[in-house]
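Subject: Structure handover

Hi,

Here is the structure I promised to pass on. Please open it first, then read my notes below.

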Amino acid sequence: MALGSAGSRTLRFQLGCYGLVLPTLALLGVFTFTPMIWAFSKSLTRYEIGEDPEWVGVSNYREYLSDPTFLASFANMLFLTAFAVLVRLIVPLTVAKLIISLRSERHRHFYRILFLVPIVIPGVATQLIWRTLVYEQSGLVNRFLGAVGLAAWQHGWLTDPRTALWAIAFIGFPFVGGFEVLIYYAGLATIPESVNDSARIDGATGARKFLMIDVPMVLSQIRLIVALTVIAGVQGFESILILTKGQPGFRTMVPGLWLYFNGFSFQRMGYACAIGVILFVVIATLTALNLRYLRSTEEVQA
Amino acid sequence: MSVARIIKTVFGVLIVTVSVLAFWPQRQTDGDVAATSLEVGDRSARFIIHFAPGWGNMPGTIPHGLGKPLRGIREVAREFVRQFPDTCIVFRNVPVSDREWLVTQLMSGQAPDVINVNVEDVWVDTHKGWYLPLDGYLEQPNPFVPEGEPGSRQWWGMFKYQAISRGKAAPIDGKMYCVSFDMIETGIFYNKSKFDELGIDPPQTWAEFEAIQNRMQAAGYTPFLTVIEAISDWGVDLLFDQFYAEILPGIDLVQDPVREQYLQGYLDWDEIAFLYGRGFFTGGDARYREIFSVMKDWRRYWNQDLSVRSMDRMRPFIRQEGLMIWDSSQLTHRLEMDKTLGFEYGVFYLPPLTEATSRFAPRRLLPTCVIGGAATQFSVTNRAFSDTSDPATSERLRRVIQFLQFMCLPENAQRITNESLQFIPNIVGVQPRPEMQPFIEILKRRYTTTKWVATFDLQFNDILQRMLGLYLNGGCDLDECLSNMERALELGAERAIHRKKPDLAMLERRWKELAPLRRSMKELPDGAR
């Protein structure tokens, strides 16, 4: 009887838990999983908004694989993502280390705030500032070049096929993202003092300690930043839409932007869905690889 | 109180003060309020008409940032509401040129009742029931027009530029989905003062055009200011017209009963799709190649960056560093209203090509055609008859059409079109402003044989602009440029056939009938023989 009562309590507790999760699951089902299934089904059709879909099998996938943007846009995406991963790993981590190395708590606090403040500026505003104030014909870069007698080097930085992709990659220079700095700072702050003391006793200081002790200890944070950067790199296209629309030609095109153009500008929703499904597979694969190969110290030890 | 606390307090007060001042509403005069208010009538009225008149007519807009805010259309709406107190007109500033916005709004029935949009953007969606054909209304009298006046027998009778207005019928079903309220045309604005100083006259032929650009460049000026949008649309159209003019009788397969009498040899979607299958508009079509080769050659006289915003393109012209700028009649407002403009300006049109410049130029000098045309094009959306879902019984739609008819009265059109120096009136009885005379002269020319390059297919249009920009900026060679365009054209042709389902057998029959004419034509694509 007592067992029965305990079992019934457990069941009620579990039902209660499931009941609490249910609204979230329902929302996920309606707003995430249903569109995913819808997108997959539409990727097998010729579908234009306002028309009835027409079954075409895998021809949208076949067409995309031979699309002139396919290789070019994936190459651009890989370049921009790799570049972003690199700079978001190195620069904010270095800055976080410099901040945490400051002796004065007041100074540490000041610099944390200083690097965090730019987060409040909307990304679109940042992109527009770079496009108009920095890269445009009468922007900062060209004016500077003109002022120092290098007028011949002046460019349409975002419109010249040779410079457009690099110009996009360099937006955000010097790449001290406040969010990343904060994450790394939090990681570095949790390194036990005993570890730091042991390193000091063993003679590990400066760059050697940073590379051999600090970096391995913040691998969890690195993994998070890498995962977020890769996902943003594969999915994201807003900045390129604002800056170049993937031009000149397809020199700055990325798959997400081509998906957007096909879906909403060219009204080829079925084709856009096929691109979306391929992107989903790519993101899922890269995330799985990241989880598999970039394990934190604790996980390695376990 | 410590010094630190005082500094903090002062700093805090400063921030609050600056914030409050920044967000404090500006003082407005009664005139400003009248001009910028976007609602006319009572919101509780029976009919609330959402009206998107476009940037060039939007109440409160200051064209090019010079002059007074526009208020003409609002005054006309006020007059209308006085006659129809059960109506409220809400002006909306909406991004109709962004297809993602337009399509989603139309799909959900939430677009404004009337939008000012290039009707070419409407054509691709007409079969979806998102827009209302206006033929039935245009063929009936305008009820606001007194007996005997233009428009009293047919609303159509009110329009001055009949060829261009009627030519806006949709190629897919021949129906009219817009009211062409006023006109716009392109032209090359030039610095007359500098031309005089350099002893240069506006050119009569392409060869002269090249010669004067050489002289300007030698004198240290940027001869020609433009953007890729202008080149890929206007440039391609004009050169296409020049190079294909002489072979048009051999390839113009369809004589559209409605539009042909006005457009004379206009090549439509189905013809383009068919001709593409015969090798036209590909890398193997020498005339098509020539369009882009001529452009590449011309490129050396242009501004370096072809993707600049209008402000950046205009700046060198205003500063007299660039001596010609290719723009629409809307630029007239900018130049006329600028009291500090340090030079006289003039307008000429792109000169025709001669055999001295290209082997495909017409043997007899053929003046370049008109490529502009209707500016404000009012289309009525599915929202207008949302009360009954049936245009035949919708009272709301009746009121929307009445407002359009009311706007077309000469005294009302005069208030709207002539309020700024952007457009040319298209209503009989409205005199254009004298500053628009150069464009009125240009509009007298023969209309283009094709606008298909910009309207044939949304994706093709995008890729044309991309690849042309890349080619002109040295990012690829002509073959790569054309092969990308060709692939897009192939897909576009397939879509056009899928959408319109043209009578291909009839096209084939006409193609064979015209074969004798083509025999004497030189350098046609292989498939055209």
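Predicted model: local features only at pLDDT ≥ 70, side-chain atom pairs only at ≥ 80, totals over all residues.

How many of the nine residues of helix α9 (residues 193-201) of chain A are buried? The count is zero, and α9(A) is hardly covered.

**Domains of chain B**

Chain B splits into two domains. Domain 1 covers 32-180 + 376-421. Domain 2 covers 187-371 + 447-528. Taken over C-alpha atoms, the centres of domain 1 and domain 2 of chain B are 31 Å apart.

The two domains of chain B touch. Domain 1 puts 20 residues into the contact, and domain 2 puts in 19 residues. On the domain 1 side of chain B, two helices each supply at least two residues: α5 (119-123) and α7 (162-166). Which of them gives the most? It is α7(B), with four residues. By class, this side of domain 1 of chain B has ten nonpolar, eight polar and two charged residues.

**Sheets of chain B**

Start with the open sheet of four strands. Its order is β8-β9-β7-β10 in chain B, and the pairing is mixed. The edges are β8 (222-225) and β10 (345-348) of chain B, each of which pairs on one side only. On average, neighbouring strands of this sheet are turned by 20 degrees against each other, with direction ignored.

Now zoom in on one pair of strands. Strand β7 (residues 186-191) of chain B runs antiparallel to β10(B), and four bridges link them.

Another open sheet in chain B has three strands, in the order β11-β6-β13, with antiparallel pairing. Here the edge strands are β11 (373-374) and β13 (424-425) of chain B. Each pairs on one side only. Strand β6 (residues 182-184) of chain B is joined to β13(B) by two bridges. Which residue of β13(B) is the bridge partner of Asp182(B)? That partner is Pro425(B).

**Where chain B meets chain A**

Chain B brings 26 residues into contact with 21 residues of chain A. Four elements of chain B give two or more residues to its side: α4 (99-107), α15 (310-318), α21 (458-472) and α22 (478-500). The biggest giver is α21(B), with seven residues. Sorted by class, the side of chain B that touches chain A has nine nonpolar, seven polar and ten charged residues.

**A helix pair to look at**

Stay with α21(B). This helix also packs against helix α10 (residues 228-244) of chain B. The angle between α10(B) and α21(B) is about 115 degrees, and their axes are 9 Å apart. Is the crossing left-handed or right-handed? The crossing of α10(B) and α21(B) is right-handed.

Here are the residues that make the contact:

- From α10(B): Ile228(B), Glu229(B), Ile231(B) and Ser232(B).
- From α21(B): Leu464(B), Gln465(B), Leu468(B) and Gly469(B).

By class, this contact of α10(B) with α21(B) has four nonpolar, three polar and one charged residues.

Best wishes

Terms used
Residues numbered from 1 in each chain as written. Chains lettered and ligands numbered in written order. Domains from an automatic or database assignment. Contact = placed C-beta atoms within 7 Å. Nonpolar A, V, L, I, M, F, W, Y, C, P; charged D, E, K, R; others polar. Pairing = 2+ DSSP bridges. Axes fitted to C-alpha atoms, helices over the stretch in contact; angles between N-to-C directions. Left-handed = near helix turned anticlockwise from the far one by under 90°. Buried ≥ 20, exposed ≤ 12 C-beta atoms within 10 Å, placed from the backbone.
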